[in-house]
Amino acid sequence: MKQMTLMQHFSELRRRILWTLLIFLIAFVAGWYISPALQEFLTAPLLAVWDEGTLLYTGLTDGLVIRLSLAALFALLITMPAALWHIWAFVAPGLRAGERNFIWPILVMSPVLFLTGAGFAFYVLFPFAFRFFIELNQSAPVPAVLLPASRDYLRFAIGLLKVFGIAFQLPLVLVLLNRIGLLPRRQVVKMRRYAIVFIVIIAAVLTPPDVVSQILLAVPMWVLFEASILFMTREE
């Protein structure tokens, strides 16, 4: 394999960064046009459990801010796989075969697990959480009209999607720490009970304040924790 000079490495890195930025810009433009459909998609779980629900625009620029935010979100989702591929293509030639065989599955599984976590939140958590909040507000002891701001709702919904997507990265983090020698498998097994308590606490902090939502995050994280043990290196 031909050795590259330092300047050639910088040129290669610059080229890959420019390609990633170009993909982001193209995806952002596309996201601008599909953002209304994306907003409708993200709002659907709320309206599905809220008959005759209405979201409020509280400012003159709300429509613009929402559209820009959703376009940027769409661009990030599209750009992330391409960015990971360019990172892999840049560093792979300098890795040994064993290192390549270990790293590339992590780069592939990371976005897959993130989307799995976000999908779980969207299709499983949202109906329970939104129904809980609507019923709680509608049962207020004083006369009240429920008119949530559209920006606040989208911020809340997207925040939950991110939380679940990041939480589903747990197996990759544990397996990575194990493979580089920082987290022996026997230590993880030994600390299982404490890990479960920690998972319950994290679920209680990151999810809405109802038991169902907390369970819906804690149970998958516990399952992923157990699954990660299966992929850890066994000590002799």
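The protein's secondary structure consists of eight helices and zero strands, where helices (H or I, at least four residues) and strands (E, at least two) are DSSP runs numbered from the N terminus. This is a predicted model, in which local features need pLDDT of at least 70 and side-chain atom pairs count only at pLDDT 80 or more, while totals for chains, interfaces and linings use all residues. Residues are numbered from 1 along each chain as its sequence is written, and side-chain values use heavy atoms, with hydrogens and water left out.

**Overall form and confidence**

- Read from the N terminus, the order of elements is α-α-α-α-α-α-α-α, and the C-alpha atoms fill a box of roughly 70 × 50 × 20 Å along the principal axes.
- The mean pLDDT, the predictor's confidence in each residue on a scale from 0 to 100, is 86 for the protein, and 95% of the residues score at least 70.
- Confidence is highest in helix 1 (residues 6-48), with a mean of 91, and lowest in helix 5 (residues 170-179), with a mean of 84.

**Surface, burial and charge**

- Of the 236 residues in the protein, 33% are buried, a term that means under 20% relative accessible area, with exposed meaning over 50% and partly exposed lying in between (1.4 Å probe, protein chains only).
- The accessible surface amounts to about 14,900 Å², and carbon and sulfur atoms hold 72% of that area; the areas come from the Shrake-Rupley method with a 1.4 Å probe, and for residues only the protein chains shown count as cover.
- Among contacts with a separation of 6 or more, 83% join residues 24 or more positions apart, a contact being heavy atoms within 4.5 Å.
- There are 18 positive and 12 negative side chains, and the centres of these two sets are 15 Å apart; Lys and Arg count as positive and Asp and Glu as negative, whereas His and the chain ends are not counted.
- Each charge is placed at NZ of Lys, CZ of Arg, CG of Asp or CD of Glu.

- Leu42 belongs to helix 1 and counts as buried because its relative accessible area is 5%.
- Apart from neighbours within four places in sequence, Leu42 makes contact with Leu70, Phe122, Tyr153, Leu154, Ile158 and Leu161.
- Leu42 and Leu18 are 24 residues apart along the chain, and their C-alpha atoms are separated by 31 Å.
- Glu52 sits in the loop between helix 1 and helix 2 (62-91), and with a relative accessible area of 79% Glu52 is exposed.
- Although Glu52 is not a glycine, its phi is positive, at about 55°.

**Helix 2**

- Val65 is part of helix 2 and is partly exposed, at a relative accessible area of 28%.
- Val65 and Arg151 stand 86 residues apart in sequence, yet the distance from C-alpha to C-alpha is 8.3 Å.

- Gln169, in the loop between helix 4 (150-167) and helix 5, counts as buried because its relative accessibility is 13%.
- Setting aside neighbours within four places in sequence, Gln169 is in contact with Ser110, Leu113 and Phe114.
- Within helix 5, the residues Pro171, Leu172, Leu174, Val175 and Asn178 are buried.
- These residues lie on the same side of helix 5 because they cover an arc of only 165° around the axis, the arc being that of the directions from the helix axis to the C-beta atoms.
- Gly181, which follows helix 5, has a positive phi near 90°.
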